[in-house]
Amino acid sequence: MRIAFHGAAKNVTGSCHLVECRGKQILIDCGLYQGNREIDEENRNDFGFDPAKIDYLLLTHGHLDHCGRIPLLTRRGFRGTVITTSATRELARLVMLDSARIQEEEAGYRNYKASKRRNRGEGAEPLYNTLDALNSMDAFVDITRFEERHELCPGISTTFYDAGHILGSACILLELEEAGRTQRLLFSGDLGYDGRAILPDPALPPQADAVIMESTYGDRLHKRLEPSIEELYQAINTTIDRGGNVLIPSFALERTQEILYYLREGIEQHKLPRSLQVFLDSPMAISATQIFRRHRECFDEETWAVISAGRDPFELPGLRMTRDTSESIALKQVRGAVIIAGSGMCTGGRIRHHLRHNLWRREASVVFVGYAAGGTLARQIIDGATEVRIFQEMVEVNAEIYTIGGFSAHADQGELLKWHGRTGSPARTFLVHGETAAMEVLAGRLADTRVEMPELHQSFEL
Ligand code: ZN
């Protein structure tokens, strides 16, 4: 029995772990590396194993850094089965198709630039294309219920537990029997925490011999959620009152649906005007919202109560979903509205057009509700730039800027420790999906377990 770490090793992206037992090879996640150009290059490297020899891929959730290399795996010979929840299957399809489109566009752009330079030798190839993403969907099989044991083959079984991170997200238990020994491996995937909107709290984890745990926020505690929601309402009311637009750069999955959920609650509780105009201006976020509507089985009791009362958790009286480009362009004329658009870090997507038309207006505001990596347009604005470059044009920053930090989808240090404490006394704990500094702080807080911080491609005998 062995485990090897082929991604998210001292890094937060590219999750990919390989378990070998009884001659079978089982992958847990196969995510894309994301970040700067150097990190992106890692996607083109060898996986560190032969994709054709993988029997099963167990997928924790539909975020790009967990499912984004599945089309590449397929392209390089994977013919096994992908096992996940049905909500994750649908979200992963959306995310992989969007990623394939971006890969194709980027390769096309590089080739166009090369042809302009008459350097015809370049021939940039996308990492994978739309067909690879569609082909990989054929391998997906649904897990129908959480906390139900599935035998993959004699001596190897798996159980999924609700992780409370995004729709359909799971922690995955692998039970392995080899040469009379049984080992229980528990993969946290990405962990949510108690009390979030839409999703139930993370399930009580099972007892395990070894735990493979994320550590994104292993060194910090989050702001509380309730004051953040109030701050969102206050930002909207103040801006609308003076006739400005509120721009919310948002991630298409989960964060956008949470924001819609809070806006609906705000209107119902008379904290926001009933006449509030809201535009959801992101085709991907619109599709993701439809997937949420189809997967009520993933909702918490509060969200079910909304449905039982005959209401849609994501519907607002003044909500318009603008899928077509022409509708998006027409938003230039809108005043006194909330515009939710991607991308969350303002590195691409329609939000850049809205920033160009609103950032210089004193009456407007921009509300950041998610993480912004260094070097991104979002980060420049948050850090107080007085002007920023958008589409080759310098735009003054006169709008009011809000950074609301309480909407994280990840457990913080306290919540990670609480979850780990419920897994019994695992002999070993492997920390993944975190920067080294965050892992080291978390490792220092974990008692009664041998903590490992694997290097990329490092493997361990179990
Ligand atoms: Zn995630």
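How many salt bridges are there between domain 1 and domain 2? The count is two, a salt bridge being a side-chain nitrogen of Lys or Arg within 4 Å of a carboxyl oxygen of Asp or Glu.

## Basis of the model

This is a predicted model, in which local features need pLDDT of at least 70 and side-chain atom pairs count only at pLDDT 80 or more, while totals for chains, interfaces and linings use all residues. Residues are numbered from 1 along each chain as its sequence is written, and side-chain values use heavy atoms, with hydrogens and water left out.

## Domains and their contact

Domain 1 covers 2-220 + 409-461 and domain 2 covers 225-407, with bounds taken from an automatic or database domain assignment. Their C-alpha centres lie 29 Å apart. Domain 1 gives 22 residues to the contact and domain 2 gives 24 residues, where contact means heavy atoms within 4.5 Å.

## Zinc site

The zinc ion has His61 (NE2), His63 (ND1), His165 (NE2) and Asp190 (OD) as protein donors, at 2.2 to 2.3 Å. Donors are N, O and S atoms within 2.8 Å of the metal (3.2 Å for Na, K and Ca); water is not among the atoms, so sites may look incomplete. The spacing of the donor residues in sequence is H-x1-H-x101-H-x24-D.
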